[in-house]
Amino acid sequence: MIYARIAGTGSYLPGEPVSNADLVARGIDTSDEWIVSRSGIRSRHLAAADIGSSDLAKFAAERAIEAAGCEPNDIDLIIVATSTPDYIFPSTAALVQSKLGIRNGGAAFDVQAVCSGFVYALSVAEKFIRSGSHKRALVIGAEVFSRILDWSDRATCVLFGDGAGAVVLEASERPGILASALHADGSHHPILCVPGGVASGQVIGDPFLRMDGQAVFKFAVKVLGDVAGEVLAQAGVDAGSIDWLIPHQANIRIIQATAKRLGVPMERVVTTLDHHGNTSAASIPLALDEAVRSGQLRPGHRIVVEGVGGGFTWGAALIDF
Ligand code: ACO
């Protein structure tokens with residue numbers, strides 16, 4: 001039987017942290033107290049104008065490849081989860097393949113599932129590997145979300161940040177990803193969206209993120225609890241067997257409510273949103289890599305990763321690390 005295991009992790013954050021006080025200094029009508037009490041976010045990173053998602057992804061990928069002890073040309077599949085691609089086409093994954101100097105003709109494509117994107121990409125890569133068609137995948141979440149924020153909308157612009165995280169997922173005789181579940185319900189698209197596009201050289205519609213925060217909050221708590229329970233049930237284990245819950249880093253109150261529903265104490269929840277903000281598809285692999293490099297997450301630990309995002313989309317995976 002072929003399984004898929006995480007062989008290495010990496011991440012990258014652009015520039016210096018931008019604190020809540022820095023946002024106030026830049027003229028946003030907000031306060032550290034409001035942002036921290038409503039979201040738990042204290043700072044985030046914002047990419048310079050000449051840095052794209054493919055650049056952040058490349059740096060994170062290099063670190064993951066080094067941690068996995070392989071070479072770029074050993075990678076035969078690249079999946080980048082992003083809602084902020086460099087271009088309409090080619091895919092960010094194809095650009096990353098080029099920037100890494102990979103010339104082996106492996107597959108490369110993007111996945112668009114907003115904040116659930118990394119969980120979607122991981123699950124897709126697992127299926128490629130378990131089918132035997134591919135041996136070693138780079139799964140990346142990369143975002144420059146600052147580009148789609150309306151900086152005059154204080155209810156959204158303070159919540160997000162830029163960054164990238166990556167894993168190398170490889171074929172193994174030992175189980176790594178034990179269970180996964182992906183879901184979507186497109187009827188909820190109006191509560192979180194960027195309702196614009198480009199046609200005939202013009203922006204059509206609205207190119208900025210729009211969100212009904214309270215509706216998103218309620219929806220996220222419900223589906224995150226449900227989908228984590230679903231992957232545990234698939235594997236026939238309970239929440240007590242999880243060493244770490246690594247949720248999408250959107251809001252500390254969503255994370256606390258989900259952990260409570262699952263019966264996982266906060267000491268076993270990886271949280272990085274205080275210094276990353278919400279980096280959408282990058283948030284889970286960023287948190288994963290930080291947990292590995294800080295020594296929290298060690299080989300043999302069992303984790304659940306779970307995400308929810310615009311669409312609406314949601315998903316989770318149960319993983320032996
Ligand atoms: N600074 C100061 N005041 C603000 C700010 C700000 N940045 N933003 C809004 N306010 C004000 C509003 O104007 C309003 O003032 P008013 O009462 O005088 O009209 C007041 O704060 C309350 O506004 P609400 O929008 O009702 O605030 P709420 O308590 O709902 O908190 C928040 C907003 C933080 C967005 C909350 O709804 C939430 O956490 N939602 C979850 C959404 C989320 O995390 N999204 C992340 C992306 S989605 C994802 O990743 C799945």
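Modeller: Here's a walk around the ligand, one piece at a time. Before we start, this is a predicted model, so local features need pLDDT of at least 70 and side-chain atom pairs count only at pLDDT 80 or more, while totals for chains, interfaces and linings use all residues. Residues are numbered from 1 along each chain as its sequence is written, and side-chain values use heavy atoms, with hydrogens and water left out.

Okay, who's around the ligand? There are 23 surrounding residues, and the closest are T30, R38, R154, H248 and N251. "Near" here has a plain cut-off: one of the residue's heavy atoms lies within 4 Å of the molecule. Sorted by class, that shell has 13 nonpolar, six polar and four charged residues. For those labels, Ala, Val, Leu, Ile, Met, Phe, Trp, Tyr, Cys and Pro count as nonpolar, Asp, Glu, Lys and Arg as charged, and the others, Gly among them, as polar.

Now zoom in on some polar contacts, meaning pairs of N or O atoms within 3.5 Å; within protein, one must be able to donate a hydrogen and the other to accept it, and residues adjacent in sequence count only if both atoms are side-chain atoms. T30 has a side-chain N or O atom 2.7 Å from a nitrogen atom of the ligand. For W34, a polar side-chain atom sits 3.1 Å from a ligand oxygen atom. Over at N278, the gap between a side-chain N or O atom and an oxygen atom of the ligand is 2.9 Å. As for cover, the ligand taken alone exposes 1000 Å², and the protein buries 73% of that; these areas come from the Shrake-Rupley method with a 1.4 Å probe, and for residues, only the protein chains shown count as cover.

Which elements give two or more residues to the shell? They are helix 2 (32-39), helix 6 (154-157), helix 7 (213-235) and helix 8 (252-262). Helix 7 gives the most, with four residues. Helices here are DSSP runs of H or I with at least four residues, strands are E runs of at least two, and both are numbered from the N terminus.

Finally, step back to the domains, whose bounds come from an automatic or database domain assignment. Domain 1 (3-173) and domain 2 (178-320) both give residues to the shell, so the ligand lies between them.
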